[in-house]
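Hello,

Here is the structure I promised to pass on. My notes follow below it; please have a look when you have a moment.

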Amino acid sequence: MLVNEMALICLLSPLLGAVAARFYCHWAYARWLTIVTITVSWLFACALFRDVAFIGKAVDLYQFSWVDIGRYHFEVGFLLDSLSLMMMVIVTSVSLLVHVYSLGYMQEDANQSTYFSYVSFFTFAMLILVMANNLLFVFFGWEGVGLASYLLIGFWQTKAYPARASIKAFVVNRVGDMGLIIAMGLILLQLGDLEYANILGRGSQLLGVVWHGWRWIDFICLGLFVGAMGKSAQMPLQIWLPDSMAGPTPISALIHAATMVTAGVYLVCRFAPWFELSPITLSIVLWVGFSTMILMGIVALVANDIKKVIAYSTLSQLGMMVGICGLSGYVFSLYHLATHAAFKALLFLSAGAVIIASNHEQDLRKISGMANHRTIHLSMFIGLLSMIAVPPLSGFFSKDAMLMFSAKQSLWPYVVMVGGAVLTALYSTRLYYLLFWQNRAINKTVPVGYSICWPLWILSAASIYLGYAMVPYLEVLLRSVDVGNQITVLVIKDIQDVAGFIDHALTSLPLTLTLFSVTVLTYVYWKKPSVLDRLIKRLAWGYDFIASQYGLNALFERYMVTGYQRLSIYCSEIVDSGLIDQRLVMGVSAQVKKASGPLARIANGKLYHYILVMLVALVLILLGLV
Amino acid sequence: MMYLSLLIASGLLGGLGVMALGSRINCRHIASGTVLISLWVFYGLTQQMVFSDGGIQLMESLPWIPYFNVRYMLGIDGLSWALVGLTLLINCIVIAGSYLVNYTRMRLYLALFLLMQSMVIGVFLAYDAILFYMFWEGMLIPMYLCIGVWGSSQRSYAAMKFFLYTFLGSVLMLVGFIYLGIQAQSFSFLQMASVPLSLFEQQWLFLALLAAFAVKIPMFPFHTWLPDAHTEAPASGSVILAALMLKVGAYGLIRVSMPILPDASAYFAPLMIGLSLIAIVYVGIVAFSQQDMKRLIAYSSVAHMGFVTLGLFLIYRAGDADMASLGMTGAVVQMISHAFGSGALFCAFGLLYHQCHERSIIKFSGLGTKMPWFSMFFLLFVLSTIGVPLTAGFVGEYLVIMTALQTMPLVGLCAAITLVLSAAYLLTMYKQAFFGMPSDIVEKVRDIHRGEVTLLLFISLVVLALGIYPQGLIQVLYPPITQLLDAAVSSKLLV
Amino acid sequence: MIGLMHFLVLAGIVFTIGLLGMVLNRNNLIAILMCLELMLLAININFVAIDRYLDLVDGQIMVFFILAIAAAEAAIGLAIFIVLYQRYASIETEKFAQLKG
């Protein structure tokens, strides 16, 4: 079959499912229908991956012209290369698993057809985002996933918290979108085009363009990165992600862990050749990424809601990927993106299973009896080990690749990365102990069904195996994001010798430190929990501060939102209705009315007055003539 | 065939027919029949047009007042065609909507909307200043009556404000037209466009014409009549007001001010761009704290019309012709997409209002659970107004922002803030009204029935079609826009 | 010998009487109507006299028009007065101010 048709089917099939589920189907069929359409999409994504990803060059598929004005051509088209195909496979696979998982998770919900329709719509939008061959079409998907995320976070409409969280997510994301739009305008001005094929190679043209001493390319890359910060929830735009946990848990797995939040990383990697030309932006990327990694990792240590802990860990991992992009290690970011999609989806789906099994309890301090749930216990365990980067699980490969890459770049990024890895180990261990060790009382737990277990098993397998399986793919992937970085090539060479890589890692500093901290924390939890209690009491003042994301959340919710409200009321009441309407518009009319008073007395409707006036005027005119 | 006159006449005759025969036959049938006939004439006209040609076509010109050289002169180009099509579609929606609700004095109500259709189409087709003025003022009467007769509690205040405000502006326009007519020895726009005028003359004429256009659009300091008019008007009146009446102002700028007074337009471009930006940002902020649903939508209208004027006047700062046509096309597309975005919001809200007679946002809650279908359509319209891609609202905004970023990056930066502002105020409104547990009022409402679904579905399809494939519209608009653009930037000053 | 001037003066006097009657007589509608008729009559006299003097007929034709219109006016006016009288039992102008803004 032709590549173009395959790509179209892959993209449109989820849309068909979404529309049909929303409009035509009874809910019992709707969910199966969307699963079928997603499966079709997944199959075609895999087929495309097999056929196209390895041919070594990008396939550009023009579809139709969206807007065509003079020399401006805004088009709709696909670009299939090793990067976008990898993303497509990730998106459709996770989406398929989440669909299946939702069969069980959402089975008591009345609005299932809506739910499945939204999830399918999200898949469609996300596929647009990764398949697009130009920045405008990317923006379609970019806003589309934001919309789907808004709809799904606020899926439980009758509760107040999801409603607020959904708006927050959409509006904060829009701040990022603004950056993307601005970048688009600046690119259009300089290059007159938005298509990757026509612009990515011409980055050097932008180097000479300077505006008041600022290089144009810095602005463009900064705009793109602001877009990425919005979607990938980098500080200080991270505030929406923890709140987005108000949505159904499968959604958190799909949208807020595995796929949508990685869109920012995807975008940065797509524009890798340009970011390379803008060292300032690269260092901003590095700083933002690493500070998100460290600071959010610390927040994960103090959060008590199971979903929020995982959300903060997502932020931390995303910060790691973004930071590595800032070091030009795009391939390794993408590598981690893929493995992260597997183990983080696994963690979230396990958390969902925990929530079901514990009768919708999300507070880690109150959940009990989970250790007896074998599937949950095992899948959570594997997910956490993979995240901690224990060899030879998936997370180990990608994270160690990043560590090795940063070590070869320079010292301090390496140190920060090691810090990030240790933090990961700490919060993962804490999560594990709070969940499975703290309350070991055998409570009555709710059994979970097969549709929930199967995705967990599959994702567990992926979390174990994917990292190893992807090793040969790195070279292929590199072709899409090649910026001529020699260290990247060296590190890839190192990884390809898998046994040597593992050997080397076992004796290296990061793994030692990680395992050491896991051991210490385990010991403390096991033998001396009182130490921790005392520590927490001592540090109570910092606890709240950290838990509120270093005051950023409060800053946003209390000051920015309230301030904006006040500003709006001021503008509305004082300026708009007070000054403009009452003073100016109605003021003029009032003045006219006032002036009309004396004049109205002349026109009193008495005929004889009029005649008298006429007479007098006539006489005066006649006299004047004489 | 005099298609253009037929098009105008059909609405007028239909209106008369409704008044004369409405007591015997169902007046809604007569009205919908009239609209269908108009559509049929429009179809015939479309067959006759050559869309690749940007000039005036199917010109009809007859002497009307020979002494002053006033002619009955009608013509159509791609721009007018699109706007006439818009008028007919919107009127279709309004007339179809009349089947769903019952008003008092139905005959008068329908006759007024048919009259309005004629007048608006007349404005889009007239090429003679006096004729243009006649249609322009003719529009006011049905709208005034519509607000005054079927409005809510404060209707007479709002109707009077609306009438006087807009009338004051138009009188100044008439003065300008008379001066231009004397200079050009003719009232034809085409002749006016070729008459030389000094910069000073142009400036005063521009301000006189602007008085009429800026009030109608409405631009920033002249916008306060709109929220009042919208709040008091019945749903159909709001739809017409938002979808059509605001557009004639922008159309006047494109057709009259810019080609006839190019130098003054260029001279005042910074002012206009500034006012547009204020409309976009400041009005966007004001909208956030509105308590009345229709007021909020009205303010969002003002903000969105800011993009139209922004796009139009950016052409004077554009680097080349293509960039300028990007801006102007964006502005025109924004005009049309705004008609469907805001018009749809007013229409949908009208259906809700008919059930509960409440406009205050705070009184609503939990509509989503009580009216799932309605809330889905409403959400789509909200999204279009926010400017989410693949809906109509995105296209115009996007093109204008792109032009702005290329011509004046800082202006573009400010305009792009609208992405955040509009999302903030519309989604907050949506959250309050549609999320949560149903409030007392909402407990009593029912979901929309099949007829209403059909109506909203029709609008939704247009909204989506415009967003997914705007090129279909743009290839019609592009040829006339290049011509108008040519006229708008070629200076009249004698060198 | 009675010349043009005499007629014109007569017309002037009649017209002034009518005019002053209107200004001074404020209340009685019938009197106002009569004054109106007087003024029309004065104009008729003017027309006829000047026509005679210039040996024309245009003015005389005009007189017929005016007479016809005056008759119609009187008829309609009186009819209105009757209706008003039936309704308000008075024909004083001061009473009728319903349309005043």
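**What I found**

Chain A is split by the domain assignment into domain 1 (309-540) and domain 2 (553-625), with bounds taken from an automatic or database assignment. Their centres, taken over C-alpha atoms, are 70 Å apart.

A word on conventions: this is a predicted model, where local features need pLDDT of at least 70, side-chain atom pairs count only at pLDDT 80 or more, and totals for chains, interfaces and linings use all residues. Residues are numbered from 1 along each chain, chains are lettered from A and ligands numbered from 1 in the order written, and side-chain values use heavy atoms, without hydrogens and water.

Helix H4 (residues 112-131) of chain A has 20 residues and reaches 28 Å from first C-alpha to last, close to the 28 Å expected at 1.5 Å a residue (1.5 Å times one less than the number of residues). Helices here are DSSP runs of H or I with at least four residues, and strands are E runs of at least two. Because 19 of its 20 residues are buried, H4(A) is largely enclosed by the rest of the structure (buried is under 20% relative accessible area, exposed over 50%, partly exposed in between, with a 1.4 Å probe and protein chains only).

An unreviewed UniProt entry annotates residues 132-424 of chain A as "domain: NADH:quinone oxidoreductase/Mrp antiporter transmembrane"; such annotations may be inferred rather than shown by experiment. That span is 76% helix and 1% strand, with its end C-alpha atoms 34 Å apart.

Finally, Tyr24(A) lies in the loop between H1 and helix H2 (27-52) of chain A, and counts as exposed at 70% relative accessibility.

Best wishes
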